Amino acid sequence: MQHDLGDDWVSIGDTCRETGLTPHTLRVWERRYGRPVPERLPSGHRRFRPEQVRWLRQVAEALSLGFRPGRILKLSDQDLQELLEQHRPAPVKEQRWAPLLELVRTYDRDRLVQALSLDWRDNGPRACLNQLIVPLVHATGRAWADGELEVRHEHFLTQVLEDMLRRFREDQPLRSQGTTAILATLETEEHGLGLQLVALVFALHGLKALILGPVVPMAQILAAASEHPRALVAISVSLSTGGPATSRQLVQLRDKLPPGTELLVGGEGAQRSGRGPKGIHFFQSLEGLDVWLTERFPRGGA
């Protein structure tokens with residue numbers, strides 16, 4: 001067996017970070033379904049090829065759409081691709097993000113920042129956020145999963161957007177008194193860009209966002225909530241981590257939060273995590289959160 005794998009192979013830890021799957025899940029699938037089949041170092045550590053990581057990203061997307069592993073893992077690569085194309089949301093007619101995807105491909109930070117800043121100025125925060133930034137993030141993720149971009153391109157975009165979203169948020173005036181929103185992801189969720197997007201929506205309503213970041217133990221979220229009695233707690237769930245296990249964690253969090261604290265859950269994985277448990281507000285989009293905040297915190301209110 002080959003042991004000198006070179007620099008292109010991906011560790012199981014990095015594979016899990018890029019797909020949202022757990023090492024246990026990958027080992028179970030290998031035993032039960034025969035894939036993915038990693039290479040093993042003399043130490044026993046697993047390594048995956050980049051194309052396997054992209055395939056796992058597509059598998060995670062299919063799971064987020066409600067398909068079961070037993071079906072997905074038996075599909076050919078072509079059949080899996082066709083399944084995803086059938087169930088992905090139809091692209092909007094005006095693909096304002098399309099030219100920006102090339103800027104991501106070429107790492108053209110200056111032109112990307114300029115384009116986003118001009119759109120923010122000319123079309124307004126909400127249109128820029130919902131019609132350009134979010135679709136660009138989704139398109140980049142799909143291009144990565146389809147092999148058209150590499151993970152480094154997605155990381156590049158994430159860093160650019162996080163810097164810009166912080167700047168946009170800092171420019172928003174806050175209410176002199178009001179509710180604080182505590183933003184975090186659970187311990188199994190390492191994707192933090194959604195927190196910056198949500199924080200900006202709160203800022204557009206004049207509300208302060210306290211961002212704890214990704215991979216936050218539940219005990220720390222609860223501690224922050226106890227320190228801010230009037231706070232909302234908002235949890236971001238990505239496509240790859242939404243599911244029954246996350247849903248159970250959210251119910252546990254809801255049950256342990258201080259009385260009167262409202263729990264909000266959003267992100268692409270929110271639908272997969274569940275719908276309807278009492279005391280949890282699920283949002284499928286930033287626009288849905290925006291509407292809820294408008295009704296919950298009308299201007300002039302606390």
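These are my notebook entries on a predicted model.

**Entry: aromatic pairs**

I began with the rings. I described each pair by two values, since a pair of aromatic rings is described by the distance of the centres and the angle of the planes. The structure holds three aromatic pairs. I wrote up two of them here.

I took Trp120 and Phe168 to start. Their centres are 3.9 Å apart. The angle between the planes is 10 degrees, and the pair is stacked. I then looked up where the partners sit. Trp120 belongs to helix H7, residues 109-123. Phe168 belongs to helix H9, residues 151-170. Buried or exposed, I asked of Trp120 and Phe168? Both are buried.

Next I checked Phe283 and Trp292. The ring centres lie 5.8 Å apart. The planes stand at 65 degrees, so I logged the pair as edge-to-face; the cut-off for that class is over 60 degrees. Phe283 has 10% relative accessibility and counts as buried. Trp292 has 15% and also counts as buried. For both I used the limit of under 20%.

**Entry: the cavity**

I went on to empty space. Rolling a probe the size of a water molecule over the atoms shows where empty space is left. How many cavities of 30 Å³ or more does the structure hold? I found one. The largest cavity has about 40 Å³ of space.

I listed the lining of the largest cavity: Arg126, Leu129, Asn130, Val201, Leu204, Leu286, Glu287 and Asp290. Four of these residues are nonpolar, one is polar and three are charged. Which helices supply at least two residues each? I noted helix H8 (125-145), helix H10 (193-204) and helix H14 (286-296). I also went through the lining by domain. Domain 2 (97-170) gives at least three residues, and domain 3 (175-296) likewise gives at least three.

**Entry: Pro23**

I looked up Pro23 next. Pro23 lies in helix H2, residues 23-33. Its relative accessible area is 32%, and I recorded it as partly exposed. I left aside neighbours within four places in sequence and asked what Pro23 is in contact with. The contacts are Ile12 and Cys16. I also took the span from Pro23 to Gly194. They are 171 residues apart in sequence. Their C-alpha atoms are 23 Å apart in space.

**Entry: backbone exceptions**

I turned to the backbone last. Most residues other than glycine have a negative phi, and most peptide bonds are trans.

The peptide bond between Arg35 and Pro36 is cis, with omega about 5 degrees. Pro36 sits in the loop between H2 and strand E2 (39-40).

Tyr107 is not a glycine, yet its phi is positive, about 60 degrees. I placed Tyr107 in the loop between helix H6 (98-105) and H7. Tyr107 is partly exposed, at 38% relative accessibility.

Val215 is not a glycine either, and I found a positive phi of about 55 degrees. Where is Val215? I traced Val215 to the loop between strand E5 (208-213) and helix H11 (218-227). At 38% relative accessibility, I counted Val215 as partly exposed.

Methods. Residues numbered from 1 in each chain as written. Predicted model: local features only at pLDDT ≥ 70, side-chain atom pairs only at ≥ 80, totals over all residues. Heavy atoms only, no water. Phe/Tyr/Trp six-rings, centres within 6.5 Å; stacked < 30°, edge-to-face > 60°. Helix = DSSP H or I, 4+ residues; strand = E, 2+ residues; numbered from the N terminus. Buried < 20%, exposed > 50% of the residue type's maximum accessible area, 1.4 Å probe, protein only. 1 Å grid on protein atoms, 1.4 Å probe; cavity = no way out; pocket = protein on both sides within 12 Å on 5 of 7 lines; lining within 4 Å. Points joined across faces, edges and corners; volume = space filled by probe spheres on them. Nonpolar A, V, L, I, M, F, W, Y, C, P; charged D, E, K, R; others polar. Domains from an automatic or database assignment. Contact = heavy atoms within 4.5 Å.
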